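Q: Hi, could you walk me through some ring contacts and a helix pair here?

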Amino acid sequence: MADSKATTPARPYGLVGLYDNVDALLAAARRVRDAGFTNWDAHTPFPVHGIDKAMGIKATFLPWITLTMGLCGLAFGIFGQWWVNAKGYAFLISGKPMWSLPANIPVAFEVIIAFSAFTTFFGMLALNRLPRFSHPLHRLDAFARVTSDRFAVVIESGDPRFDAGQVRGLLAIGSESVVECPADDSRASLPGWLHGIAAIATCLTLIPLAMAYRGRHSTSQKPRYAVWTDMSFQRKVKPQQTIDITVGGVPLFADGRGARVQVPGTIAVGQPFDDMELRYGVQVNAASPVGLEPGASGVPDAPWLTGFPAALTVDSAFLDRGEQRFGIYCSVCHGVRGDGLGSVALRAKDIRGARWGWIDPKNLQASATVLRKNGELFHIAGHGISTMKGYAAQIPAEDRWAIVAWVRALQASQAIDSKRAPEGDYRELPIGLLEFTQGGR
Amino acid sequence: MQAHATIPTREQVMVRGLAKPATVALAVGVIGILGTVGIAYSGLAGSWPAESPYGHQPAFGVVHMGHSLLVAILWALTMCIGGLFFIILQHLTTAGWSVVVRRVAEAVTAGLVPLLFLVLAVCVVPTLFGSSYIYDWANTAFADDHPLIHHKAGYLNGPFFLVRVLVYFAIWIGLAGFYSKHSLAQDEDQDPKRTLKMQKISGVAMILFALTATFAAFDLSMSLNAEWFSTMYGVYFFAGSFWSLNAVLVLFSLWLEKRGQLKNVVTTEHFHDIGKMLFAFTFFWSYVAFSQFMLYWYADIPEETGWFHYRMWGDWTALSIALAAGHFLIPMLGLLSRHVKRNRAVLASWAVYCLVFHYIDMYWNVMPELFNGVPGQDPAHAGTTWNPMDLTAFVGVVGFVLFAILKRFDGKSAVALGDPRLPESLRFENF
């Protein structure tokens, strides 16, 4: 309603009636409404309840735009999450379904709110044809008080029923004063160069989208681009790195290892030293825990145990446990049959992991492993060998022994001639074989 | 818009002639309660859907009666404490628009007095003897069998339960009495100092309300499954509470307008505002209910999901879906439009709808617990157990509560005539 199109410079913009209280304003608004004017507006320093009715303003259709855009937000929120989570970048998270409605509701809700709020705000501006550079009323000194303690009704000269004398009389009733607002020939619309900048800025926003699109359809050998690298490259020493910290010109650690190794002959807190067989895989009469320096076979030389620790009962339940633990921790590399063809090993072959120093997981049925003593296998499971890491932190000693037992069972089961296989219950087979292998050693 | 609102005379807004309807409500209440007890003990209620491996168990009718009564009590209680919240809120925010309907909310809180006796009789007293048909935690043998409940025995025990219920009701009835007393006295002396006084304690009153409503929700409803817990439950309870109060406010205000006491006092603008609150709390309830659900769904920890599990996967599935649709989606879309909120007949229909679904909400909260914890019973597959006692218990409890509310209305003015903000409220406009 505040809109105007100044016709000729000579003609004034309109007439302004100023009132000093809300009731006078509302009465004036009702009179102007009833007189049938269309190009007019009321200005108040604060929102006035009842002004819509007094001015005869019809309800805005902005809510419908907001509702439409809110529903668009709902559709966009749900579709966007479905595409990202279940389609474009399908990624299994903690066993949840790839796409599940409850997880999407909070984000969809926020998108609805964002779409609705921005639509309402910018829709309100657009419907009021805002922003604009200038308005004739701003050039009128008397109008300034409308921001503090005056109320104004403005009838524009562009109104078809406008008649200066009549309008002046109409506005004068109950008013403090009626003043003429001169026309303003300064430019109201935004300058052309601003449109140009807006167009260029809009085009620039397409660049990230284009880069994302290109990224999705091309491959690169460079490390990914990081804006902030302080998470990837932190000032700290990691276990496999060397350190070159010196204290007073002397290296902090002579060997330069990032992670310190256990001092020989010591026991860490919480590390039991109660059972040499069970904890270290060496014979009971061994003097101290296993040494540190690997020998020719990749493990330290020690009086390795050949059988199983006396503390453990080797039975079918023990083997079942070993099969299960082997399936969880070992099979991804060594394969469920221990043949060295686990999914990680296959993948490493695919991408030629050897280029980066990857050493293929051993075929546990090969003679090199078969010939190792039980204690050696137990030690490798706990401490690792070549590129295999040690699992002592994840797998308790009892379970590592169960895994050793299962490895023996696998070796025996694959090596045996089917004609020599014991008769009877299939589940009894491994335990029988285990006795066979132990007996053979 | 009225430039200068006409204050109605005392005679115009005086509510009279409610003694007879109140007596009828009381009679209906007595009949409802007696009917419920009759059905429960006559065996008409049916029997346990599954045999217990242990043989002996309490009669199905009696246990069901306890739960039916609890649903009705919670339905009425949420409405009444919603009324108290409305009064405190208006004073806390020094609201002007609501003065013309505040007396209605004040009258609704009168229902708290009969509810105190119902809660004591149905919920509290049996726990003092160590054998509640409603709360499993109160049964000594059950608590000994369940370490988690045994662990909570310091809080969940009969005497302390009694003390807490008495404290809640003392605070509610005390606050409701305080606000009613000053509001009615202001009709006589027109003293604006009373408004300041009511305003002054509203902050403390609101904190007390929040604490008592939360703990009452924990004690009366959440402890039905004492192994389950939700910190959101109190807010959930409150959201439903204020939702139903707004519906009640619409219906009582319309009724008084039709009778003439609020004619030309309560206007379309006031109904529009109450409608807005009804709409807002439709959303708020859904927001809270979903927040409670989603965290448990996401974490997927058995001790937390159990409560939802037998509501979602089993005979209660349909009711759960009906609740999500009927308590959220349908009223949200229905109450969205301004025209709905400004049309008395349509708004009244939605108010009735809301009260029905608030009942279903309470039913959904309480009834699956009828089977939970009972040996041999599976709450997920015991059926939704609609029973004639649900109806008689509802009629009974509402009869008593309505009796108290009508008694409070009778012989008093329907508007807070002495409130200094009355003129502001009378000429209130939304736009």
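**Rings and helices**

A: In chain A, Arg260(A) lies over the face of Phe253(A), at 3.7 Å from the ring centre. A charge sits over a ring if NZ of Lys or CZ of Arg is within 6 Å of the ring centre and within 35 degrees of the ring normal. This is a predicted model, where local features need pLDDT of at least 70, side-chain atom pairs count only at pLDDT 80 or more, and totals for chains, interfaces and linings use all residues. Residues are numbered from 1 along each chain as its sequence is written, and side-chain values use heavy atoms, with hydrogens and water left out.

Q: And which ring does the charged end of Arg355(A) sit over?

A: That of Trp356(A), 4.6 Å from its centre.

Q: Switching to chain B, how are the planes of Trp75(B) and Phe394(B) arranged?

A: They are edge-to-face, 4.9 Å centre to centre with 70° between the planes. Rings of Phe, Tyr and Trp (its six-membered ring) pair if their centres lie within 6.5 Å; planes under 30 degrees apart count as stacked, over 60 as edge-to-face and the rest as tilted.

Q: Where do the two sit in the chain?

A: Trp75(B) is in helix α3 and Phe394(B) in helix α16, 319 residues apart. Helices are DSSP runs (H or I, at least four residues), numbered from the N terminus.

Q: What about helices α5 and α8 of chain B, at what angle do they pack?

A: About 175°, with their axes 9 Å apart. That makes α5(B) roughly antiparallel to α8(B), a term for angles over 145 degrees.

Technical notes: Chains are lettered from A and ligands numbered from 1 in the order in which they are written. Axes are lines fitted to C-alpha atoms, for helices over the stretch in contact, and angles run from 0 to 180 degrees between N-to-C directions. Angles under 35 degrees count as roughly parallel, over 145 as roughly antiparallel, 65 to 115 as roughly perpendicular and the rest as oblique.
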